[in-house]
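Please work through each task before reading its solution.

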Amino acid sequence: MSFASLKSQRQAKASRSYVTSTDNSQESHSTAIPKVIHSDNSDTSTPSNEATVHHGIPENVEMRVSATSGRGLWAKNLIKAGSVIISLRPHSFALSSRCLDSHCSSCAAASNSGLLRCTGCRTVWYCNTTCQTNDWLLHRLECSALRKWAKSAPSKNLSVPSDAVRCLGRILWRKKKEGIDSSWSKQIDALQSRELYVTFECRVIIEVRLDRHSLQPRVVENSTHLAHSLIRYLDLSSPGDLSEFGILSAGDLTDLISRFVTNTFALTSPSLTPVGVSVSPLVALFNHSCDPSAVIVFPRSSQNLAEEPQMQVVALRDILPNEEASINHLLKALSLTSDHYQILTSYIDTTLPRSLRQAALKETYDFTCQCELCHDDNKIDPRESIWCPKSCGGMCPAPSDESETYQCVKCRAVVATPAFIMDALSIGQEALAKATSIQDTDHDKALQLTTNIIPRLVSAGLTPSCHPLLALIGLHKSLLLSSLSAETAQELLDETIRTAAKHYMGLSTTLCNGHPVRAVALAELGKLLAVDEPCPVISPPTNMAFLPSGPPRLKAAYETLVRARHELMIGFGRNNDGGELGRNIREAVVSLERELGVWTQGIHNTLQDLLNSSRK
């Protein structure tokens, strides 16, 4: 296996996208049968005025409004782990600026054999003339806007608007084409802003408007910048010129921006690398849990490029009717019952500790998560844990207050140096932020930073799943992967493999079996183990840390990839064969089976020759 497929991979979050950070640094199945099911359950109800707006809801899923979580989608029948719940093409999407010359702007596929460049704007690229034709309806308007933007840009670095601006432009052009009162436009208009969420949760019937006073200053600033950029991109002189798009005031524009920011998803590659932003009103109906029962992925499952990128919601575990997993405790407290199970996805990175998850949700979505993971104080969260100071194998809560006493849950040993550990956590968080910000502009410095900080956090006793150690290990792995080449030394390859193993170990503690982030990490580890060794060790020392060499490494690669394929089948859909990545891993497994078979047969032949010669 070559290094080419490993070099550009980056670990990503299968979550909703923060529009302000998406582009700032640089900037097997068709859609489910449309059918809306109505309900007469008293605890949850289907809003009839909205049910007629959203199309494509499958028959075993129902839209409802709950007293505890607002509007959402609920399962009526058993949904098995790995089942594709919803499959559709987003209403709108846009590639990030850095991906415009490496991905098709029509189907979002990565280039394998070269792309065709638009000769007008010279900004977007396509797989072929078919993709270019499929996208022309909107790109003919976009093409002109991109040319005007580039002409007035103060520098080359600002010659292309952000993916958020371009995605919003496509939404408004499509609304104008389809008609303000069209079904497509109504689905966009039905997207919830923050105030609407609270309205449903509190069961108060008020006018649906965004409470701008509740926004944090940074959010207001980013939204204002996005609105001004959009007006410039559309070549309008003022917000009033937006009336042709159904926007009659600056307030309406602000509401549009709010709905966009709150309901935008990261557009990702089959290996979860973020490549842009996307919007789907139907998928936006799913509510949040930090312990989700489903995940949103783009597995490249369709054979028809016109249907790509396919956005799919896949069940991570069996979703049972008559069960309220993540919000069951709330329903009991309110003496409510439900005949259907709500399907929940995650809006943020669930490997983060509770305080950071809550802060992220509050800033972007303006609510406090009430899931069990956020309210279970009886267990040690592996995201905030350290090893027992007596090395009994147990864990302790990571210290957050010098005045408190922290003990191992297994042997009750007391943590003697909480201040030292708190300092390490603080330094680690600062290093993570710094290394993340410079990883694309100063690769070597970022790698040096992660190389120096990780051992310090390990010496402080942090477990591999503890934040920020887990995130630093993941970043360190990505930086090492981008350092690999055909001339890579054995030492660098081995270090990358060990780092990938530690990263998967941390993820396997915080994420459930089959979670796509975890599955991709395991697939990366398996592919690294399958890379031809520059200088294999013939007889490794018995006390050597994890890393087999020669044929044992090949066998480890095979076993790891087999496990990865099982997890990919869940996270990216069984009917999709695990998506594009799952199919690639299947091919790698078959190839390794042949290689191992040849090696085994060679040993058998050698032994047989020795036996025959001894008989002579």
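**Exercise 1.** In which loop does Pro 309 lie?

*Solution.* The model is predicted: local features need pLDDT of at least 70, side-chain atom pairs count only at pLDDT 80 or more, and totals for chains, interfaces and linings use all residues. Residues are numbered from 1 along each chain as its sequence is written, and side-chain values use heavy atoms, with hydrogens and water left out. Helices (H or I, at least four residues) and strands (E, at least two) are DSSP runs, numbered from the N terminus. On this basis, Pro 309 belongs to the loop between strand S11 (294–297) and strand S12 (311–315). The peptide bond that leads from Glu 308 into Pro 309 is cis, with omega near 0°.

**Exercise 2.** Locate the cis peptide bond between His 467 and Pro 468, then describe how H14 and H15 pack.

*Solution.* The bond joining His 467 to Pro 468 has an omega of about 10°. Pro 468 is placed in the loop between helix H14 (443–459) and helix H15 (469–481). The axes of these helices, which are lines fitted to C-alpha atoms over the stretch in contact, with angles from 0 to 180 degrees between N-to-C directions, come within 9 Å and cross at roughly 140°. Contact (heavy atoms within 4.5 Å) involves residues including Leu 447, Ile 454 and Leu 457 of H14 and Leu 472, His 476 and Leu 479 of H15.

**Exercise 3.** Arg 122 and Asp 366 have positive phi values. Is each of them buried, partly exposed or exposed?

*Solution.* First, the cut-offs: buried means under 20% relative accessible area, exposed over 50%, and partly exposed in between (1.4 Å probe, protein chains only). Arg 122, with phi near 55°, lies in the loop between strand S6 (116–117) and strand S7 (125–126). Its relative accessibility is 47%, so Arg 122 counts as partly exposed. Asp 366, with phi of about 60°, is found in the loop between helix H11 (354–365) and helix H12 (372–375). Asp 366 counts as buried because its relative accessibility is 15%.

**Exercise 4.** How many bridges join S4 to S12, and which residue of S12 is the bridge partner of Ser 87?

*Solution.* Two strands pair if DSSP finds at least two bridges between them. Four bridges join S4 to S12, and the two run antiparallel. Ser 87 has Gln 312 as its bridge partner in S12. Strand S4 (residues 84–88) is mostly covered, with four of its five residues buried.
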